[in-house]
Amino acid sequence: MNLQRPTQKKFTLTWLALVIFHFTILGSAYLNLGIFNTLIIAALAIVQMILIILFFMEVRWSAKLIWIFAAAGFFWLCILFTLTASDYLTRQWH
Amino acid sequence: MKMPEKNSNVAEQFEDAQQQSEAAHLGMWTFIATEVLFFGGLFLAYFVYRHFYFHEFVIGSKRTDVLFGTINSIILLTSSLTMALAVHAAKENYRRQISRWLLLTLLLGFSFLVVKGFEYHKDIHDQLVPGANFNPALPAQSQIFFWLYWTMTGLHAIHVCIGLGVMSVMTFLARRGKFSAVYRTPLELAGLYWHFVDIVWLFLFPLLYLVQRHS
Amino acid sequence: MNEPEKNYLSAGDTVKSWLLTTDHKRIGILYLLSILFFFVIAAFAAALMRLELLTPQGDLVLSETYNKLFTMHGVLMVWFFLIPSIPSVLGNFIIPLMIGARDVAFPKLNLLSWYLFIIGGFFVMHAIIIGGVDTGWTFYTPYSTAYSNSHVIEMALGIFIAGFGSILTGLNFIITIQKMRAPGLTWFRLPLFIWSMYSTSLILVLATPVLAITLALMAVERIWGVGIFNPKLGGDPILFQHLFWFYSHPAVYIMILPGMGVVSEIITCFSRKKIFGYHFVVFSSVAIAIIGFLVWGHHMFVSSQSIYAGMVFSFLSFLVAIPSAIKVFNWTMTLYRGSISFEAPMLYALSFIGLFVIGGLTGLMLASLAVDVHVHGTYFVVAHFHYIMVGGMVTAFMAGLHYWWPKITGRMYPEKLGQLAAVILFFGFNLTFFPQFVLGYLGMPRRVHDYAPEFQIYNVLSTAGASILAIGYLLPLTYFLWSLFYGKKAGPNPWRATGLEWKTSSPPPKNNFAETPVVTEDAYNYPPLNEIGEHENA
């Protein structure tokens, strides 16, 4: 079914990338980059998550159905966040 | 009604091992989706209060210990690697490597808890527990930050403990030669769970430890 | 066990063979008996409340007791009767049969679901016995966390545990439907009950975890004494409501979608016609499940939620009307020029449609911001959701129970009594709850044990209706029991219905089918009228 197979080397490289991203996140937090502090951290954390899901959890080599199931939880999480934000971002707070 | 001869690892309700393995994987992914939403409620609370009390969150976040946090991140990332390698060893039928990688994973998971324990000890000593004894030098709303810090890391730690329990069973089974290229579904499911716990931490770390560290 | 005559009931009659069973059919029966137990207790609480409301003064129970009664009624009815009713009883029993499988995908997990349900039920019952809870089933903060002097934590723990039971049930159904279908049973050949159960399971799996974390946070806050839902520290009680309704609104659809599935089966069978617009009904089920997640804020129009969010949620709430209306339209079109007969399941299904339409239309009224401000917290809301949950779901559950009773037990219930009970239920229900629309519109608040004297006439009508409703429930209970011993033996297919569940014997053998069935045609392929005779008991 899968022509491309996971190898020890691919896993180790994934780990290396994760560690590098981790220290990038850590380092960036100590620089004053304004709005980009949050953006960089958010982007890299999501990249880390995607790396783990694709490689460690082997979704990259899995059937399309698994992709859908893996994405479903995050999709519903977005619903929760977005619609709650529609309240809090438009509310008077004191 | 005679069932056709089947692999002893295939349960009665399934036609073959492939159907069983696909069903089990799909089931685990469904479970992970429920876990995403389970943690999601806490993350939502975090984002709401971070939005309203950003200043207090910055002050609170600076009281957390980045060193402990970083060590634990590396420990968990590495344990995810060893877990992936254990599953890989099973797939390639390197049967003796399986339990070695699993033991290493177990060890790393356990050290995560030990480090977290030291960190909690320090946090308590620094009066970072919300309530009557909360550090008076900090603004009141920082208590919300620390309430979330404790519940989020606590819930994560509970998941690590469950993971260690599962991993112990897997190690035991692996040592008895249960897993191979033919039969490895439970091992793969345990792996999926463990990686998920790792992912949660990768978000907890920047959200709790790194809110405007530079200021 | 290899003898084909043995069925799932005769495959063992020790207590152990029931309590350790992994057979989906037996687990369905276990659920049936347990939800019946909770239903009786919750109905008893309702009866006490209706008695109290006979007079304007609070002369039967104290206001404190009244608070505990409606909490108990709500908690038990929602989590321990309605949510498991069609999914865990009929779903468990019928889904594997309908898709031609030997069992669900994870039979042991299925049994675990039941045990979690029972353990959860135990905690809830214990909390009730040692003094009860007075927060209402919604557990709003900060009352539940800081002020209530009742057994909130134990009750929440019970719901938390039972919640994991329903998560596992939903998970099991999703994987079963994905992976265990018989050869040839493609997605668009599936019976509509399966589609509605799949949609329901999506909600169970994706919404229930949020309830779990919400109740957990509430309990932690109560134990710890500080927390994020209490304004004292700057917390926002409305956040609890957001999280709670993110679960509890979709949960309302857990309490109607399965009913819609049952009704689709019955309408086609007793009109001897293919469902009108199969694909539309399928997509409307999925659409209800998904849109159901986008509307929770309509429970919070009068909280301090922002007015902008109120408008968004109001608009989204109206969208749910579209798939619901599609279903009603398609059922009606299926009836049109069908060869209709009025057996008890059909009578229940028809009253479902009528009651659901009333419940749904009043739902639209409540979804409009201005009307909701007027009737929020009144009996109008109570009447509305009882039309959906009781008029809809319980009626559909009764419909399904009558329809599949011959399959489950191998015996027919007495038809004339069944028809009588269906009619009694319909009239009793309307007499109980229609006056509550009027009461609510005139301004009688819910959850209060005394009221202004001018409301008395409507309350008397409602209480009178409730006693008729009680007969409507007790009558089937009696003749179902009677039929177990004296009912006419049912063949494999007493309704001459399509669907794989009717292709095996009644009651089905332990492994459901002698050999795995192969499907070659669409669902509801009812033959044209003149051919019916030849298809008898195929």
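Predicted model: local features only at pLDDT ≥ 70, side-chain atom pairs only at ≥ 80, totals over all residues.
Local features need pLDDT of at least 70, side-chain atom pairs count only at pLDDT 80 or more, and totals for chains, interfaces and linings use all residues. Residues are numbered from 1 along each chain as its sequence is written, and chains are lettered from A and ligands numbered from 1 in the order in which they are written.

Chain C has 16 helices and zero strands. Helices (H or I, at least four residues) and strands (E, at least two) are DSSP runs, numbered from the N terminus. The C-alpha trace of chain C spans about 70 × 45 × 45 Å along its principal axes. Of the 538 residues in chain C, 57% are buried, with 20 or more other C-beta atoms within 10 Å of their own, these atoms being placed from the backbone.

Chain C meets chain B through 35 residues of chain C and 32 residues of chain B. Two residues are in contact if their C-beta atoms, placed from the backbone, lie within 7 Å. On the chain C side, α6 (152–179), α7 (192–224) and α8 (237–254) each supply at least two residues. The largest share, ten residues, comes from α7(C).

Chain A also touches chain B. This contact takes 36 residues from chain A and 35 residues from chain B. The elements of chain A that give two or more residues to its side are α1 (8–29), α2 (35–56) and α3 (64–88). The most come from α3(A), with 13 residues.

How values were computed: Buried ≥ 20, exposed ≤ 12 C-beta atoms within 10 Å, placed from the backbone.
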